[in-house]
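Aromatic rings can pair up inside a protein. How is such a pair described? By the distance of the centres and the angle of the planes.

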Amino acid sequence: MFTLAEVASLSDIQPTYRILKPWWDVFMDYLAVVMLMVAIFAGTMQLTKDQVVCLPVLQSTVNSKVQPDTAGKADFTTVETTTGQEEASMRTVSFAPTVTPDILLSRATSSQYQPTESNQELKKEQKDSSGRKTNLDFQQYVFINQMCYHLALPWYSKYFPYLVLIHTIILIVSSNFWFKYPKTCSKIEHFVSILGKCFESPWTTKALSETACEDSEENKQRLTGAQSLPKYVSTSSDEGSPSASTPMITKSGFKFSADKPMIEIPSVTILDKKDGEQAKALFEKVRKFRAHVEDSDLIYKLYVGQTVIKTVKFIFILCYTANFVNTISFEHICNPKVEHLIGYTQFECTHNMAYMLKKLLISYISLICVYGFICLYTLFWLFRIPLKEYSFEKVREESSFSDIPDVKNDFAFLLHMVDQYDQLYSKRFGVFLSEVSENKLRGISLNHEWTYEKLRQHVSRNAQDKQELHLFMLSGVPDAVFDLTDLDVLKLELIPEAKITAKISQMTNLQELHLYHCPAKVEQTAFSFLRDHLRCLHVKFTDVAEIPAWVYLLKTLRELYLIGNLNSENNKMIGLESLRELRHLKILHVKSNLTKIPPNITDVAPHLTKLVIHNDGTKLVVLNSLKKMTNVAELELQNCELERIPHAIFSLSNLQELDLKSNSIRTIEEIISFQHLKRLTCLKLWHNKIVSIPSSITHIKNLESLYLSNNKLETLPAAVFSLQKLRCLDVSYNSIAVIPVEIGLLQNLQHFHITGNKVDVLPKQLFKCVKLRTLSLGQNCITSIPDKVSQLLQLTYLELKGNCLDRLPATLGQCQLLRKSGLVVEDHLFDTLPSEVKEVFNQDTGIPFANGI
């Protein structure tokens, strides 16, 4: 027989799981324990008590005339019709030494037959004080008792304890199967663990305390001014941003009482670092758990399934058990057919446990009825409301966290189960589902970590000698940033929850803002400041929807840099908002994958002076919009797969600089049309596939800079050297073998780059360009440098590395502005110079190259 301790292990679950057991599950567990005890008690009684006691029915002369079966039936009827008191007396008589069961049998039949022989025999038997002899020994009694136990007793009387035990075990297993099943127990264990941590987290208490503080009218009337706030804690306005749906952290920010010291309000104390880190970890765990659990409803289905199984089990037990209540009786007639062993054919047996078993069976039926009704209620609860949906509407109404999302599937079901235990759990758990709450925590931790002193250490000077601060991959923008009032440039990169508060109005020097993958939100006061003061804005994004809407309303903005995808199907050919409000925009830089110039750019086309389009290799086809940009002075179309110079460019009468870098231009015959561009001074056609330069280039009279590097040029036509205003000529990395002698005509030439070609001889006419300041001759085949190099008195940079030189001319020392830092040659060539020349070059080596230009 099983012990209670052994069977109880089937229902053993972790104590922490009690929060997922509603009252009906707890009640059914206790009912199952009671039924288990009934089974064990009945089984123990059945094993420790004698099972049956049987005596043979003696064949006397009185009943010899009566058939054995009839006598047996008459006896059975008599026993069944007696009252409880008479039945007890009959049992006493049956086992008394002076009266045998045969006497009772003869008395039962005397009313019908009354023979005179029986009266005489009765008198004789009454005188016999030793009872009637059966001539059976002890072993025969044991044998017949065991045999009649199996033959005479109904099967339910014998197996009732075992059946109750089996049914109870099945019910216990069914009740807790959802805690044990591998695919559900892991989710339940994780949920209970997270729920317990969320319930006990200091951040939960703080968040709910702040909510209670906000709901108090007294606290609203006792707010102190900005002077009572700690330094570097935001005092930003609660006004909404241009996006009404944007939740503001400051809405439920720190509030202090003027009548009591701040230390007496625990809700406003800043969490220590350990508590803050634990709370951030909980937010991440809740987010991952929600994503993992919300996509299935296995726990719900399993709980419904086990409840249905218990209900069906209850109906089955009740139906068959009720029929066997009356089959349990005290006396039974047994006909074992072992006359050849015992000598008797009929026995009368008593079942000692009959009365107790009947009472236990009635108790068991009562318990199982209560159990079944609870199962029916559970099913009613399961199907009365949609348990696969859970709304935090009440929590949202009671707290400041209006963004707590509703959940579904198994996540919702687990929360419904927790509500049956205590609704406070789900309320405290909802805090960790709120993005507003998470942002508050991040803000507190961020401000605690990034103090004013730490931010000041990260401020640097950029190339324009401006004070710059670059914040990378933070959870938000620290409040102390806005206390850096002398900051000129602010860069925010990969900060998904960046929020610009009203305190930015303190940064009067701020004119340049960088938002790299940072869809910043601004308060109304902050937007007003940016609209009036911001001059330069850089926005880097993945999708055009990430560009903040307020960007298109910055009326005083002068420079706008957009870097990201502007040509996806989702954007429907540039989903940019209208740029019409950017009336002062002068420079527009777009680095994207355009196939045509966005129509919205034409809204600001009359104001633009510089347009830069850097494609990623996508072919720019439609360029007709360029004609409207009449005031554009600088135009860059890089990496746009252009095969010819676009005709729309010839309409830009104010164009001064044209850059067509990294395209597929093979011929530039259209260059003759540049004669209409009277102001064109710089032409950049580098990194293309140009084979030759047409003679029509002479028509660009005002050209001062010509960049043709990284092409396929083999010669330099004389027409190039007719451009008398040319100051910079770059033909590096081509296949040019000869520098024409006409180069001496360029008297204004200051920078000449011919690195990476096949030049072997330097013409003497080159050194007539006495204004040369930069001369790049590296990676050619030059064997000697003429002594006339001394004529280049303004030379500050000379590159000779990668040639076939044996020595350097000593006349280099006469180039008064040339220093060793500006002389790019191999070390062994530099050693060929006279010592006095080397001393000259080594003087003032710290002078930067830029000073000589």
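## Counting the pairs

Rings of Phe, Tyr and Trp (its six-membered ring) pair if their centres lie within 6.5 Å; planes under 30 degrees apart count as stacked, over 60 as edge-to-face and the rest as tilted. A search of the whole structure turns up 25 aromatic pairs.

This is a predicted model, where local features need pLDDT of at least 70, side-chain atom pairs count only at pLDDT 80 or more, and totals for chains, interfaces and linings use all residues. Residues are numbered from 1 along each chain as its sequence is written, and side-chain values use heavy atoms, without hydrogens and water.

## A tilted pair

Take Trp23 and Tyr377. Their ring centres are 5.5 Å apart and their planes are at 45°, so the pair is tilted. Trp23 belongs to helix H2 (residues 23–48) and Tyr377 to helix H15 (residues 354–384), so this pair links parts of the chain 354 residues apart. Helices are DSSP runs (H or I, at least four residues), numbered from the N terminus.

Trp23 is partly exposed, at 45% relative accessibility. Tyr377 is partly exposed too, at 35%. The cut-offs: buried is under 20% relative accessible area, exposed over 50%, partly exposed in between (1.4 Å probe, protein chains only).

## An edge-to-face pair

The ring centres of Phe160 and Tyr364 lie 6.4 Å apart, with planes at 75°, so this pair is edge-to-face. Phe160 is in helix H8 (residues 155–180) and Tyr364 in helix H15, 204 residues apart. Both residues, Phe160 and Tyr364, are buried.

How values were computed. Helix = DSSP H or I, 4+ residues; strand = E, 2+ residues; numbered from the N terminus.
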